[in-house]
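Visitor: I have a two-chain model to go through and some questions about it. Can we take it piece by piece?

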Amino acid sequence: MIVLLAVVGGVTAGLVLQPTVPLDLQPYLPIAVVAALDALFGGVRAWLEQIFNDKVFVVSFIGNVLVASLIVYLGDKLGVGGELSTGIVVVLGIRIFSNAAAIRRHLFRA
Amino acid sequence: MSADPQQGRPGDAWRRIARAVRSRPGRSQVAVAALCGLLAFALVTQAHSNAGTGGLTSARSDDLLTILADLSGRADRLRSQVSALQSTESRLQGGSAGTAAALTEARARAQTLAILTGTVAARGPGVVLTVTDSRGSVRADELVDAIEELRDAGAEAMQLSGVRVVASTAVVDAPGGGVRVDGTLVHAPYRLVVIGDPKTLASALAIPGGVVDTITGLPGAGAIVTTSPSVTVSALRALTTPRYARPAPTNSP
């Protein structure tokens, strides 16, 4: 319940405030969002499998975001930022898809 | 990933979701909720900033370089097109200006030639020579002398008693009095209208022993010269197309 409220509050805040992304954060924000989505889907799957632990979720969420940002940062320094960003998005996308498939199996048995 | 689901029925999962949504939030859910809210906020912000700038600000530098190279190549092509079109335009404008100038010159030439050949009326400063002759003593000789004298003095257009006088005009005595000018019979008084410098024309006629002296010396004849700032030579002459003569290539004067 409180999670739904927080999501609605976050969307509303983003729409109302319309903040501009700081220039330093611009390469990292999209990757961080994708990484957080991956953590979120993993958390939902764990919850459905009744092995959800909020401490694990928080750590994996933050860790995912930090690692993704670090990889992008390193890629930028090495001159392969674009390729590494694409790679991260591909890997995280595959994980999101497999998590979503597991969630679907739990909810619909299909 | 490949672990088998633990529940036997999908209905269990839905029931758990409904229970969780209805349940009082525990202390441990607050951190999860905060992270989810943060994620939603970042998602909306990123989507919005991406939509606002057409994706250019979030593009990477090498992508931007590719876009820039594309655009500058296109700009170069467009610039070369612009210069080609501009040169075409200036060529066309120069051509039309040359055509207009040639047309104006040709019109001026045609007007000059029309006045010389007597196909249009002419107006300008000049003199009117009136020759009276009560006894038929003025012959064609005297009139031809007068015409020649006026031509020498720079006459540009002439008419004699309503007949245009041009280069080919002939004046001959007619039997039984009067003269024929280009075949038209005219009688005294003869009226010669001349366009030219009035002072020069009048003094050419009035020189001692000249035209006026000769005519007034004839019995019963008189000559009156009137200068005027504006006389009109209105008699016209039909243009005859040469049957044999054709223009030969020459350098224009």
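Visitor: What is the strand order in the open sheet of five strands in chain B?
Guide: The order is β3-β2-β7-β1-β8 of chain B, with antiparallel pairing. Strands are DSSP runs of E with at least two residues, helices are runs of H or I with at least four, and both are numbered from the N terminus. Two strands pair if DSSP finds at least two bridges between them. This is a predicted model: local features need pLDDT of at least 70, side-chain atom pairs count only at pLDDT 80 or more, and totals for chains, interfaces and linings use all residues. Residues are numbered from 1 along each chain as its sequence is written, while chains are lettered from A and ligands numbered from 1 in the order in which they are written.

Visitor: Which are the edge strands?
Guide: β3 and β8 (221-233) of chain B, each of which pairs on one side only. From one strand to the next, the twist averages 20°.

Visitor: How many bridges join β1 to β8 in chain B?
Guide: β1(B), residues 122-133, is joined to β8(B) by 11 bridges, and the two run antiparallel. B:Asp133 has B:Ala221 in β8(B) as its bridge partner.

Visitor: Which helix packs on that sheet?
Guide: α5(B), residues 198-206, touching β1, β7 and β8 of chain B. Its direction makes about 20° with that of β1(B). Axes here are lines fitted to C-alpha atoms, for helices over the stretch in contact, and angles run from 0 to 180 degrees between N-to-C directions. Contact means that two residues have C-beta atoms, placed from the backbone, within 7 Å.

Visitor: Where is B:Ser161, and is it buried or exposed?
Guide: B:Ser161 is in the loop between β2 (157-160) and β3 (163-165) of chain B. It has a positive phi, near 50°, without being a glycine. B:Ser161 is buried because 20 other C-beta atoms lie within 10 Å. The cut-offs are 20 or more for buried, 12 or fewer for exposed and partly exposed in between, counting other C-beta atoms within 10 Å, all placed from the backbone.

Visitor: And where is B:Asp182?
Guide: B:Asp182 sits in the loop between β5 (179-181) and β6 (184-186) of chain B. Its phi is also positive, near 50°. B:Asp182 counts as partly exposed because it has 15 C-beta neighbours inside 10 Å. Most residues other than glycine have a negative phi.

Visitor: Switching to chain A. How many helices and strands?
Guide: Four helices and zero strands. α3(A) has 25 residues and reaches 36 Å from its first C-alpha to its last, close to the 36 Å expected at 1.5 Å a residue; the expected span is 1.5 Å times one less than the number of residues. Its buried residues include A:Phe57, A:Phe61 and A:Val65. Just after α3(A), A:Gly79 takes a positive phi of about 85°.

Visitor: How many residues does each chain give to the contact?
Guide: Chain A gives 37 residues and chain B gives 35. On the chain A side, α1(A) provides the largest share, 10 residues.

Visitor: What about confidence in chain B?
Guide: Its mean pLDDT is 83, and 89% of its residues reach 70 or more; pLDDT is the predictor's confidence in each residue, from 0 to 100. Over residues 1-7 of chain B the pLDDT is below 50. Where pLDDT is low, the predicted coordinates should not be read in detail.

Visitor: What ipTM does the complex get?
Guide: The predictor gives an ipTM of 0.78 and a pTM of 0.45.
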